[in-house]
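Visitor: I am new to this structure and would like to learn how to read it. Could we go through it feature by feature?

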Amino acid sequence: MATITLSALRHSYEPDPSRDEDWALKRLDVAWQDGGAYALLGPSGCGKTTLLNIISGLVRPTEGRVLFDGRDVTDRPPDQRHIAQVFQFPVIYDTMTVRQNLAFPLRNRGVDAATIRDRVEEIAAMLELTDRLDRRAKGLTADGKQKISLGRGLVRDDVNVIMFDEPLTVIDPHLKWQLRSKLKELHQRVGRTMIYVTHDQTEALTFADQVVVMNMGQVVQVGTPVDLFERPRHTFVGHFIGSPGMNVLPCEGLDGRHALVGGHAVAVANPDPGAPARHMEVGVRPEFVAFAEPGEAGGLPVAVTRVRDAGRYRIADTRLNGTVPITVLVDEDTPIPAEDARLVFHPDHTRLYADGWMVGAQPGGAA
Ligand SMILES: Nc1ncnc2c1ncn2[C@@H]1O[C@H](COP(=O)(O)OP(=O)(O)OP(=O)(O)O)[C@@H](O)[C@H]1O
């Protein structure tokens, strides 16, 4: 196990990067603690694989250093970094039994037969593979094969980090949640440093204690699932995490502690505009928007355009001034006004964003 530090990292696939967009990975500084569960989350092309390959040693960063427990491994090849990887497609030996597959990494390292037997049986029990140990791996379903890939990382005791690259891609949807919970449980049992790469927020938020959200080569926030939900540092995080995502509303200016949205004053938790910004917005999650009670003063007048049933709650789509969409989450028992609807925002969860960044937050920093 190891603490992984990425220091002043930047990477470009261009021979002579000069423009901002030449960098597949923009400047990154993070320290991942020994034994932590981390996720790299972001849309396709945001740089997740590039970052994973830099950690595993397949790609050498254009700038910066990779440190394992303070030791500089930037110039070390993958086989000297002691990393176990679980890819989208299970990497196993089909003709071997499950037992032989799990034993393989230990046999390669010259571990004695009794230790191999004990270790393989221990890991098989954790993965619920004991009853299949002497079957050929070929006959297993995709989730069984993926467990073998994972088990081959877990049997080794020289592994610094286990990295998962979209590991549930080929798993049947109804088995995904089972394997997802299994991974979380395994992390808690073995306490290894694990990094999980995905574009799926549910997978990232279920697995990780800390999620690194990336967009266009940049880390936009590092935080716990609660941080990302309650204090999105960038409008991208607000959009990308949550279902439906955060409302991002154009802001015309400030009036004391209030932001002006569609000509109406809205209380925000962070009214200081800081440095002058080209583009101001107000962000509020649908969970923190409500319809004003009939006698309640104020609120933004809206028209309700659609109501969708989402099980335990409903999602109401509304429009302010006929143009600005605002989504509201409404409990099953709360009435939705048919006319004269007005919206009130929870002031502690309504924030000002300047050029995409939450006012008062440093770009990319930990929450
Ligand atoms: N070998 C390469 N040569 C040139 N450009 C590359 C190479 N690999 C990736 N890129 C570019 O770097 C950027 C980041 O790609 P990367 O594969 O790291 O993203 P990703 O988030 O893993 O995407 P996906 O989820 O689709 O795999 C993209 O613009 C991509 O086109």
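Visitor: Which residue in E8 is the bridge partner of Asp165?
Guide: In general, strands of a sheet pair through backbone hydrogen bonds, either parallel or antiparallel. In this predicted model, Asp165 has Val197 of E8 as its bridge partner. The strands concerned are E7 (residues 161-165) and E8 (residues 194-198), which pair in the parallel sense over four bridges.

Visitor: In what order do the six strands form the open sheet?
Guide: The order is E6-E7-E8-E3-E9-E10, with mixed pairing. Strands E6 (83-86) and E10 (218-223) are at the edges with a single partner strand each, so one side of each has no neighbour in the sheet. On average, neighbouring strands are turned by 20 degrees against each other, direction ignored.

Visitor: Which strands does helix H1 lie across?
Guide: Helix H1 (residues 48-56) lies across E3 (37-41), E6, E7, E8 and E9 (210-215), and runs at about 155 degrees to E7. Helix H4 (residues 142-154) also packs on the sheet, where it touches E6 and E7. The direction of H4 makes about 175 degrees with that of E6.

Visitor: Which residues surround the ligand?
Guide: Among them are Tyr13, Ala24, Lys48, Thr49, Thr50 and His199. The shell around the ligand divides into three nonpolar residues, seven polar and one charged.

Visitor: Where in the protein chain is confidence lowest, and where highest?
Guide: Where pLDDT is low, the predicted coordinates should not be read in detail. Here the protein chain averages 92, and 97% of the residues score at least 70. Confidence is lowest in strand E12 (residues 253-255), with a mean of 87, and highest in strand E11 (residues 247-250), at 98. For the complex, the predictor gives an ipTM of 0.97 and a pTM of 0.91.

Conventions: Residues numbered from 1 in each chain as written. Predicted model: local features only at pLDDT ≥ 70, side-chain atom pairs only at ≥ 80, totals over all residues. Near = placed C-beta within 6 Å. Nonpolar A, V, L, I, M, F, W, Y, C, P; charged D, E, K, R; others polar. Pairing = 2+ DSSP bridges. Helix = DSSP H or I, 4+ residues; strand = E, 2+ residues; numbered from the N terminus. Axes fitted to C-alpha atoms, helices over the stretch in contact; angles between N-to-C directions. Contact = placed C-beta atoms within 7 Å. pLDDT = per-residue confidence, 0-100.
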